[in-house]
Amino acid sequence: MLAVFQRPTGAGEEGGKLMVGQFTYPGVYLEEVESPVRPIVGVKTSVAAFVGLALTGPTTPTTVTTWSDFETTFGGLWSGSDLSYAVYQFFLNGGSEAVVVRVGKDPEYSRLALANGPTLVAKQPGAAGAFTATTRKDTTDNPAGDPKAYTLTVTSGSGTAARTETFHGSVDAARATRHLDRLLATSDVVGVSGTVPDTVPDDVHDAASSKVNDVRLSTKDVLGDPAAHTGIYALLDVDIFNLLVIPPQLPPPAGGAADNRDDQWATVVDAAALLCEDRRAVLLLDPPFAWDTLAHAVTGARAALPVTGITGRNAAVFYPAVTVSDPAGGPDRVVG
């Protein structure tokens, strides 16, 4: 508002102070009056939250804005993590912001301590990373028999999936490019743990690495504790998320036992649906395990969806799952 004021001579002061609205000299003044109208502040509408297994990373809600962020923070694609493939598909299809909550135990890596030599560690976690190793004094490319040279051969997998790598190592300080830690940096099978000894490993033939178990996701891992803000309740510490994805990664029953995975997962679905209703988000559900054919899906959907009632307004069930090529080079995968 523009206004012209002229201060009357001798007026406008009380006790040596200017009165409100009075000015010390004639002129043009600009007075800004706060408007009672408040603009509506836009909120994010495309933040997706993911809860599940990951190779590594924090167990608190962590925001990633690119696939490279996820690779750096959570280890990238892992055949044992449906979550990693879900996040990959999210960014591949134009997603821009994801909140990841890593739950479950840390994966284990198979190991083998070579006699008089280094300890080898599988690069693939779980049972899939198991390997065998063979070492011998290297005379193949050293006809004189270099006492500081040796050959290491490692093999993982079996049958058509077997992978074998051979390395010609040396403990000679003058041949740094053939030190084992440098050589194994290029391996897809194993790495080396700790400092590499400056001694040639003893000869062994097909020594087997330690057996480790695959990491399994459980409903307890996902549900967590509302008071401690763990599991899905870690999302209580997140300002906003619009979509929630929890891949239902439960191991299939063994030995012909009845498949009760849908009953187990129902507790997760109920808790996640209530959380989404409270946070005004949408729960994206993979199809139930029992929906393994179109006929079963139709029958199952008509009988009872995984979530109904009031909370069902904040959930969507997708069928069918789709088959995609594995960007990590494995066999085709069925993903939600």
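**Figure 1. Aspartate 326 in the loop between strands E18 and E19.** Aspartate 326 lies in the loop that runs between strand E18 (322-324) and strand E19 (333-335); strands (E, at least two residues) and helices (H or I, at least four) are DSSP runs numbered from the N terminus. This is a predicted model, in which local features need pLDDT of at least 70 and side-chain atom pairs count only at pLDDT 80 or more, while totals for chains, interfaces and linings use all residues. Residues are numbered from 1 along each chain as its sequence is written, and side-chain values use heavy atoms, with hydrogens and water left out. Aspartate 326 is buried but has no salt bridge. Buried means under 20% relative accessible area, exposed over 50%, and partly exposed in between (1.4 Å probe, protein chains only). A salt bridge is a side-chain nitrogen of Lys or Arg within 4 Å of a carboxyl oxygen of Asp or Glu. The nearest side chain of opposite charge, arginine 333, is 4.9 Å away; Lys and Arg count as positive and Asp and Glu as negative, with His and the chain ends not counted. The side chain of aspartate 326 has a polar atom 2.8 Å from the backbone nitrogen of alanine 328, and reaches the backbone nitrogen of glycine 330 at 3.2 Å.

Figure 2. Six of the six residues of strand E5 (residues 47-52) are buried, so E5 is largely enclosed by the rest of the structure. Val47, Ala49 and Val51 point one way, and Ala48, Phe50 and Gly52 the other way. In a regular strand, side chains alternate between the two faces of the sheet. E5 pairs with strand E7 (residues 97-102) in the parallel sense over six bridges; two strands pair if DSSP finds at least two bridges between them. Phenylalanine 50 has valine 100 as its bridge partner in E7. Strand E15 (residues 243-245) also runs parallel to E5, joined by three bridges, and there leucine 243 stands opposite alanine 48.

**Figure 3. Salt bridge between lysine 137 and aspartate 203.** The two side chains meet at 3.9 Å, N to O. Lysine 137 lies in strand E10 (residues 131-137) and aspartate 203 in the loop between strand E13 (190-193) and strand E14 (204-208), so the pair ties together parts 66 residues apart in sequence. Lysine 137 is partly exposed at 40% relative accessibility, and aspartate 203 is partly exposed at 47%.

**Figure 4. Salt bridge between aspartate 106 and arginine 102.** These side chains meet at 2.9 Å, N to O. Aspartate 106 is exposed, with a relative accessible area of 53%, whereas arginine 102 is buried, at 8%.

How values were computed
A polar contact is a pair of N or O atoms within 3.5 Å; within protein, one must be able to donate a hydrogen and the other to accept it, and residues adjacent in sequence count only if both atoms are side-chain atoms.
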